[in-house]
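This briefing goes through one protein model by topic. Please look at the sequence and the structure before reading on.

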Amino acid sequence: MEFSVAYEHQELIRMVRRFIDAELKPLEDEVEESGILKEQDAKRIFEKSSALGLYAMNVPEELGGAGLSAVETMLVEEQFGHTSDILVRRAFGNVYEVLFACDQVQRQRWLLPTVRGIRTCSIAITEPGAGSDAAAIATRAELKGDGWTLTGGKHFISDGAYSDYFVVSAVTDKSKGNKGISLFLVDKDSPGLSLGRDQKMMGLRGTSHVELFFDQVRLERVNLLGELGTGMRQILTTLGRVRLGQVGARSIGKASHVLNLAVEYANGRKQFGQPIGEFQMIQQMIADSVIEINSARLLLLRAAWEIDRGKDARDWISMVKVHATEVANKVADRAVQIFGGMGYCKDLPIERYYRDLRIGRIYDGTSEIHRLVIARSTLNSGSKLFDGLWSGAWTG
Ligand SMILES: Cc1cc2nc3c(=O)[nH]c(=O)nc-3n(C[C@H](O)[C@H](O)[C@H](O)COP(=O)(O)OP(=O)(O)OC[C@H]3O[C@@H](n4cnc5c(N)ncnc54)[C@H](O)[C@@H]3O)c2cc1C
């Protein structure tokens, strides 16, 4: 296995962390308190990060991105975990890989302005009646003349209040099941599209999560993303990188940030005349957290490395999605314990990290759904995912 990182990319990863510490961390408390990232702050962090070449780094070089390998992208994504979701979105962008399916005309209208930070996009798949079962959507696009008419609704759409357009899944041919679902690029100002409530969440303050309603929204040929009927396949393949980076890697980053704070506290806080870090029960929590964070990172790098060598990494991505998010939840829970009452108190950010990390086990496929994927693959094809002889990278 080869996890080495090009020298200039090592510098880039360090620069991301420095940028987060200097420019984003100071904004966190205010965003948490007010629930809003001020427009002028959003503009400032976007402009500064763009000037440093830190915006849309996950995009290939020919499209204006940094041209990082999957391994390098994950190391950057891990750094993103050190700050809040909304600050990452505004400072570093959120260009979903599903947009790389844009044709030449779509690139000019949607993808390239998104890479430059002129437009932003949200993914709109989930509906009140269709979550884990993403193929059970009721939103439909009916063929009318040269285009379609979109009817239905979505909910929980992250950053939807801010986004200029949405990648929307819709049924285009009910008789074909999974193969009758397609993806569409839908501009927010399309007649018939309206936003509903901003659904309040346990954490992720500052990021909106909205309902979308489509009432006879007119779509043209140019709005169809990828081929007709390939929506589910696109969701399953391209959203994998989102799971790996935005959920897996960022969970590991946040877990290590939280552990750092817990270790500092354990060294400084004295009870019974000694630092609490000298109590073996506290030491066990720290040791377990170190072991688990490292095991999650190794799994993350392994999955990224499978992508870099052109392999189908879906099972590995599912393993990371489950393990990294569960590790992060355990580490955050232990951190609350190590901080005692201060861990539960809003004077410190520990309780916020605990709340923010909880969603990792739910969105982009729940832990249960990813466990199903791993189990099915294993039951169907035997030991390739775990036997050292077959799952080892050295077997090629
Ligand atoms: C903060 C937040 C942000 C989100 N952002 C977006 C977004 O930007 N775009 C978007 O499209 N969606 C988004 N979602 C939706 C998210 O992806 C879904 O919530 C998630 O896929 C789970 O779907 P559900 O909530 O309908 O739960 P359900 O599917 O109803 O699941 C409920 C429970 O049943 C379990 N379950 C379901 N099926 C099975 C099974 N076959 N076997 C075992 N257990 C099962 C689940 O694991 C879970 O424990 C977001 C959600 C939240 C909360």
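The centres of domain 1 and domain 3, taken over C-alpha atoms, are 21 Å apart. The model is predicted: local features need pLDDT of at least 70 and side-chain atom pairs count only at pLDDT 80 or more, while totals for chains, interfaces and linings use all residues. Residues are numbered from 1 along each chain as its sequence is written.

**Domains**

- The protein chain is assigned domain 1 (7-95), domain 2 (121-225) and domain 3 (232-395); such bounds come from an automatic or database domain assignment.
- Ala, Val, Leu, Ile, Met, Phe, Trp, Tyr, Cys and Pro count as nonpolar, Asp, Glu, Lys and Arg as charged, and the others, Gly among them, as polar.

- Helices (H or I, at least four residues) and strands (E, at least two) are DSSP runs, numbered from the N terminus.
- Helix 2 (residues 39-51) has 13 residues and spans 18 Å from its first C-alpha to its last, close to the 18 Å expected at 1.5 Å a residue; the expected span is 1.5 Å times one less than the number of residues.
- Gly53, which follows helix 2, has a positive phi, near 80 degrees.
- Helix 1 (residues 7-34) packs against helix 2 at an angle of about 175 degrees, with the axes 11 Å apart. Axes are lines fitted to C-alpha atoms, for helices over the stretch in contact, and angles run from 0 to 180 degrees between N-to-C directions.
- The two helices are therefore roughly antiparallel, a term for angles over 145 degrees.
- Phe19, Glu23, Leu24 and Leu27 of helix 1 meet Asp41, Ile45, Lys48 and Ser49 of helix 2.
- These contact residues divide into four nonpolar, one polar and three charged.

**The ligand**

- The ligand is surrounded by 21 residues, the closest being Thr126, Gly131, Ser132, Thr366 and Glu368; a residue is near a molecule if its C-beta atom, placed from the backbone, lies within 6 Å of it.
- Strand 1 (121-124), strand 3 (147-158) and helix 11 (367-381) each give two or more residues to this shell.
- Twelve residues of the shell are nonpolar, seven polar and two charged.
- The ligand lies between domain 2 and domain 3, because both give residues to the shell.

Technical notes:
Parallel < 35°, antiparallel > 145°, perpendicular 65-115°, else oblique. Contact = placed C-beta atoms within 7 Å.
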